[in-house]
Amino acid sequence: MNSRKRLLRWASGILLVLGAGHLFLLALLAWDDVTGWVDRGIWAAVPLAPTDGGDDPTVESLQNEVTFWAGPGSFAVPFILLGCLIRHLAGRGVAVPAWIGWGLAAYCVVSGVLLVPSPYFAGAVAGALVIVAARKNDRAEAERDRATNPA
């Protein structure tokens, strides 16, 4: 396996662990809220209608919304999808653009600064790995071009 593919597989692994780990911890810590969605229907996760009886939300409704935004509404699902996409592209030998890595690294650094302590900085490492893999791909293409078209 070449080094570019290895870097992308590590990046995808980091993203998969961050996303799946986040959802797993949520399931452990807020199991009652998550199972409540099943009992009341999935639309009960973040109800669109105002609370019954008054303008002020109840503690239960706020806890329900926090559970949603900490779980399926958080970064976890997009991280899992991005990790799967990067792994798939690496397996096919398709280059992942450097701008994906830059965007991921910037998002994770800013989010990590805003939410300290957090594992967001591991996502920045995944972004850096994507950037390095893209640079290696650019160098390999430049070397191939020089070899096929000598000046």
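Analyst: Let's start with a term: two residues are in contact when they have heavy atoms within 4.5 Å of each other. This is a predicted model, where local features need pLDDT of at least 70 and side-chain atom pairs count only at pLDDT 80 or more, while totals for chains, interfaces and linings use all residues. Residues are numbered from 1 along each chain as its sequence is written, and side-chain values use heavy atoms, with hydrogens and water left out.

User: Is leucine 26 buried or exposed?

Analyst: Buried means under 20% relative accessible area, exposed means over 50%, and partly exposed is in between (1.4 Å probe, protein chains only). Leucine 26 has a relative accessible area of 13%, so this residue is buried. Phenylalanine 24 has 54% and therefore counts as exposed.

User: Which residues does leucine 26 contact, leaving aside neighbours within four places in sequence?

Analyst: Trp31, Thr67, Ala70, Gly71 and Pro72. Take Thr67: leucine 26 and threonine 67 are 41 residues apart in sequence, and their C-alpha atoms are 7.6 Å apart in space. For the protein as a whole, look at contacts with a separation of 6 or more: 73% of them join residues 24 or more positions apart.

User: Which residues have the most contacts inside the largest nonpolar core?

Analyst: The general idea is that, in soluble globular proteins, nonpolar side chains tend to be buried together. A nonpolar core is a set of buried Ala, Val, Leu, Ile, Met, Phe, Trp, Tyr and Cys residues joined through side-chain atoms within 4.5 Å. The largest one here has 20 residues, and Leu8 and Phe79 have the most contacts inside it. At least two core residues come from each of α1 (3–29), α4 (76–92), α5 (98–114) and α6 (120–148). Leaving out residues up to four places away in sequence, phenylalanine 79 touches Leu15, Leu18, Gly19, Leu104, Tyr107 and Cys108.

User: At what angle do α1 and α4 pack?

Analyst: Two packed helices are described by the angle between their axes and the distance between the axes. Axes are lines fitted to C-alpha atoms, for helices over the stretch in contact, and angles run from 0 to 180 degrees between N-to-C directions. Under 35 degrees counts as roughly parallel, over 145 as roughly antiparallel, 65 to 115 as roughly perpendicular, and the rest as oblique. For α1 and α4 the angle is about 155°, with axes 8 Å apart, so this pair is roughly antiparallel. Among the residues making this contact are Leu8 and Leu15 of α1, plus Phe79 and Ile80 of α4.

User: How do α2 and α3 pack?

Analyst: Helix α2 (residues 31–40) and helix α3 (residues 59–70) pack at about 105°, with axes 10 Å apart, so they are roughly perpendicular. Asp33, Val34, Trp37 and Arg40 of α2 meet Gln63, Asn64, Thr67 and Phe68 of α3.

User: Where is the cis peptide bond?

Analyst: Most peptide bonds are trans. The cis one here joins valine 116 and proline 117, with omega about -10°. Proline 117 sits in the loop between α5 and α6.

Conventions:
Helix = DSSP H or I, 4+ residues; strand = E, 2+ residues; numbered from the N terminus.
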